[in-house]
Amino acid sequence: MGVVVRSALWGAAIGTLLMGALVTAVDLAVPSDKPPSSPIITVLAILVVAFMMGAIPGAFVGTAVGFVRRSVRQPRQMPRPMHPPVPQQPYDMWSDLVERCAASTRRVAAAIQTVPQSAAKDWLQRISEQLVKELDDVRGIAQLGRALGAVDQQHPVYQRLLKASHDFHQFENEVGRVALQMFDHPELNEARTHLEVLEKQLPQLST
């Protein structure tokens with residue numbers, strides 16, 4: 001049972017006792033010309049008056065006291081320790097372009113896996129492996145830009161990396177077109193010309 005409820009009950013009980021004692025004392029001290037009433041009726045009248053005049057006000061006073069006691073008992077909340085703010089990482093304009101090239105490389109590899117098994121597909125897979133090496137060159141260009149501390153997007157290193165991301169995307173589209181044609185014509189003779197064109201484009205992707 002809470003502190004407030006206990007205080008309210010104690011207040012009602014004390015108020016009832018005090019008012020009952022007061023009414024009884026007044027009833028005994030003040031003479032009355034009326035014939036004496038039944039003791040049961042007298043007791044009931046005293047209880048009703050004591051409850052109305054003592055219990056209800058006592059409960060209100062006890063409730064107020066209970067709220068005060070509860071507020072005193074509640075421990076003060078300790079302020080939470082202030083944690084140092086997490087330092088924000090500076091924006092890396094190089095990572096965004098490298099990730100574009102990496103995403104194109106992943107999509108090229110995934111597209112090749114859907115092509116029917118054939119000698120042309122094996123050639124296409126070798127092209128995908130060479131594309132991964134071109135991606136390493138792209139990462140090297142980004143490292144150069146970071147080492148130079150370049151922050152201007154007009155910087156020659158950034159412009160070269162921007163061109164590489166565009167070329168990787170274009171190469172991705174070309175691989176998708178060739179892969180689609182190989183669904184209908186998986187023979188090496190049919191795809192040779194397209195594969196040779198793709199292979200020639202690889203050294204130019206990171207330049």
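**Confidence, an aromatic pair and a buried threonine**

The mean pLDDT (the predictor's confidence in each residue, from 0 to 100) of the protein chain is 76, and 57% of its residues reach 70 or more. This is a predicted model, in which local features need pLDDT of at least 70, side-chain atom pairs count only at pLDDT 80 or more, and totals for chains, interfaces and linings use all residues. Residues are numbered from 1 along each chain as its sequence is written, and side-chain values use heavy atoms, leaving out hydrogens and water.

Student: In which helix is confidence highest?

Tutor: Helices are DSSP runs (H or I, at least four residues), numbered from the N terminus. Confidence is lowest in helix H1 (residues 3–29), at a mean of 62. Where pLDDT is low, the predicted coordinates should not be read in detail. The highest mean, 93, belongs to H3.

Student: Is the pair of tryptophan 94 and tyrosine 158 stacked or edge-to-face?

Tutor: Rings of Phe, Tyr and Trp (its six-membered ring) pair if their centres lie within 6.5 Å; planes under 30 degrees apart count as stacked, over 60 as edge-to-face and the rest as tilted. Here the centres are 5.6 Å apart and the planes stand at 65°, so the pair is edge-to-face.

Student: How many residues apart are tryptophan 94 and tyrosine 158?

Tutor: Tryptophan 94 lies in helix H3 (residues 93–113) and tyrosine 158 in helix H5 (residues 156–184). The pair therefore links distant parts of the chain, its members being separated by 64 residues.

Student: Is threonine 105 buried or exposed?

Tutor: Buried means under 20% relative accessible area, exposed over 50%, partly exposed in between (1.4 Å probe, protein chains only). Threonine 105 has a relative accessible area of 7%, so this residue is buried.

Definitions and conventions
Helix = DSSP H or I, 4+ residues; strand = E, 2+ residues; numbered from the N terminus.
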